[in-house]
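Thanks for coming, everyone. I have one structure to go through today. Please have a look at it before I start.

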Amino acid sequence: MDMKKRINLELRNRTPADVKELVLDNCRSNDGKIEGLSAAFESLEFLSMINVMLTSVSNLPKLNKLRKLELSDNRISGGLEVLAERTPSLTHLNLSGNKIKDINTLEPLKLQNLRSLDLFNCEVTNLNDYRDSMFKLLPQLTYLDGYDQDDQEAPDSDVDGDGDCLDDEDEDDEEEENEDVEEEEDEDDEEGEFDVLDEEDEDELDGEDDDDDDEDSADEDDDEDEEAEDGDEESKETVQGQKRKRTQEDEEEEDTEDDE
């Protein structure tokens, strides 16, 4: 696939101004030059053109926000002045596996913000005092081929560069989604707890209602017992009254007999 078609494919219904990362690895460049890329990619921060048979970067457009440029495994041998002119914010540049033979070829890379430069598998790395010469030529560099001047390896963040901006955004999106899922799970747990509490409250209310019913039944039983006792007392009083009447009647009869 040629570079123009690959760029159109990578756009994915976006405008060039919306693109922050563009990967064109292993596509085909006609005549060894960049094509299909324009200054309309004004937000571009990471550009990768690995193994696209480039021999020149002369067609690279002005990309003021570009911070990381991957150009490894091409056929570039010079013409790096373009990078100094058109990528003022560049911090990481990978030229590994190109045709760079002379240190002076790299002199145009005195970019103010350039911190990391990779030249693995370039002939220039075979020169005597290569590392010392490079740090003298480009004093703004922190890391050359993944190591600083004291042979301390660069942290992963510096090796990877700042161009992984979209990966960071994707991770942020995933974290937000995970947070949303966790919040939903917490809400479900809370709802479940409320349901359990509601069921327990209902059971307690039912228990209280049963207790009230038992108390009412007990009160009714007490009332019935009292009524029964009152009835017994009334019966006793009635019997006693009847006995008194009979006694009075007997006494009156006796008095009558005595008078006769």
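The average pLDDT over the chain is 78. Residues scoring at least 70 make up 60%. One is residues 161-167, where the pLDDT is below 50 but the model still shows 16 contacts beyond near neighbours in sequence. The other is residues 256-260, also below 50, and there the model has zero contacts beyond near neighbours. Where pLDDT is low, predicted coordinates should not be read in detail. Please keep that in mind for both stretches.

Now the layout. The chain has 260 residues, and 32% of them count as buried. The accessible surface is about 16900 Å². Carbon and sulfur atoms account for 37% of that surface. What does the chain contain in helices and strands? Five helices and six strands. Starting at the N terminus, the order reads α-β-β-β-α-β-β-α-β-α-α. On contacts: take those with a separation of 6 or more, and 52% of them join residues 24 or more positions apart.

Next, the sheet. The six strands make an open sheet, and the pairing is parallel. In which order do the strands lie? The order is β1-β2-β3-β4-β5-β6. At the edges we find β1, residues 21-23, and β6, residues 143-144. Each has a single partner strand, so one side of each is left without a neighbour in the sheet. Look at the β1 edge. β1 pairs with β2, residues 46-48, in the parallel sense over three bridges. Within that pair, L22 stands opposite L47 in β2.

Which residues of α1 are buried? They are M3, R6, I7, E10 and L11. They cover an arc of only 140 degrees around the axis, which puts them on the same side of α1. The face turned away from that buried side carries K5 and N8, both exposed. And the cover over the buried residues of α1 includes β1.

At 7% relative accessibility, F135 counts as buried. Setting aside residues up to four places away, F135 touches L141, T142, L144, Y147, D148 and Q149. Take Q149 from that list. It sits 14 residues from F135 along the chain, and the two C-alpha atoms are separated by 7.4 Å.

Are C27 and C122 buried or exposed? C27 has 4% relative accessibility and counts as buried. C122 has 3% and counts as buried too. As for disulfides, a search of the whole structure finds zero.

Last, backbone geometry. Most residues other than glycine have a negative phi. Two residues here have a positive one. N26 has phi near 65 degrees. It is in the loop between β1 and β2. With a relative accessible area of 55%, N26 is exposed. M53 also has phi near 65 degrees. Its place is the loop between β2 and β3, the latter being residues 68-70. M53 is partly exposed, at 34% relative accessible area.

To recap: an open, parallel sheet of six strands, with β1 and β6 at its edges.

Notes:
Residues numbered from 1 in each chain as written. Predicted model: local features only at pLDDT ≥ 70, side-chain atom pairs only at ≥ 80, totals over all residues. Heavy atoms only, no water. pLDDT = per-residue confidence, 0-100. Contact = heavy atoms within 4.5 Å. Pairing = 2+ DSSP bridges. Helix = DSSP H or I, 4+ residues; strand = E, 2+ residues; numbered from the N terminus. Buried < 20%, exposed > 50% of the residue type's maximum accessible area, 1.4 Å probe, protein only. Areas by Shrake-Rupley, 256 points an atom, 1.4 Å probe, with all protein chains shown as cover. Disulfide = S-S within 2.5 Å. Arc of directions from axis to C-beta.
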